[in-house]
Amino acid sequence: SIRIARVYDDPDDIPGARLLVDRLWPRGIRKDSLRHDDWIPEVAPSTALRKWYGHDLGKWDAFRERYRAELIANRPAVDRCLDWCRKGPVVLLYGKKDRDHNQAVVLRDYLREALRREKRT
C-alpha cells in the first residue's frame, strides 16, 4: 500500500513508513518536528523540471512524462523507495497545496507499477 499525504496532515491519520519525497525541505516545518522515517530528495523532480513546470496545470501531462523519464534514469533513488514499499505500507510526503497535481502522485503510480512488474516476474 502506497499512500500520499501533505507534510502538514496529521501523521496519525495514515499509517505506514513516512517518506519525504520533496527535493527541498517544506516551508514552516522544523526538521525535528516532522515525523518521517526517511527523506529521499534525490527521487524528487530535478530543479530544472520543477522550475519549468512552475505549477502550471497546462503542463501537467508533460510534467508527468518528463518526471517519469527522470525516475527511469534514477534507479538508486527509486530503489530506495521500493525497499521501503517491500517492507510494508508507505506514505509519500510532499509539501504542495495541490493534492492532485504534485510529484508524489506521479511517484506513487510509478512505484505501484514497478511493484506489479516485480510480482509478475
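**Exercise 1.** Determine which residues form one aromatic cluster together with Y53, and classify the pair of Y53 and W60.

*Solution.* The cluster consists of Y53, W60, F63 and Y67, where rings of Phe, Tyr and Trp (its six-membered ring) pair if their centres lie within 6.5 Å. This is a predicted model, in which local features need pLDDT of at least 70 and side-chain atom pairs count only at pLDDT 80 or more, while totals for chains, interfaces and linings use all residues. Residues are numbered from 1 along each chain as its sequence is written, and side-chain values use heavy atoms, with hydrogens and water left out. Next, the rings of Y53 and W60 lie 6.1 Å apart, centre to centre, with 50° between their planes, and the pair is therefore tilted, the class left between stacked (under 30 degrees) and edge-to-face (over 60). Finally, both Y53 and W60 are buried, that is, under 20% relative accessible area with a 1.4 Å probe and protein chains only.

**Exercise 2.** Classify the pair of W25 and W39, and locate each residue in the chain.

*Solution.* The ring centres of W25 and W39 are 5.0 Å apart and the planes stand at 80°, so this pair is edge-to-face. W25 belongs to the loop between β2 (17–20) and β3 (38–39), whereas W39 is in strand β3, 14 residues apart; strands are DSSP runs of E, at least two residues, numbered from the N terminus. W39 has a relative accessible area of 26% and is partly exposed, a class that lies between buried and exposed (over 50%).

Notes:
Helices (H or I, at least four residues) and strands (E, at least two) are DSSP runs, numbered from the N terminus.
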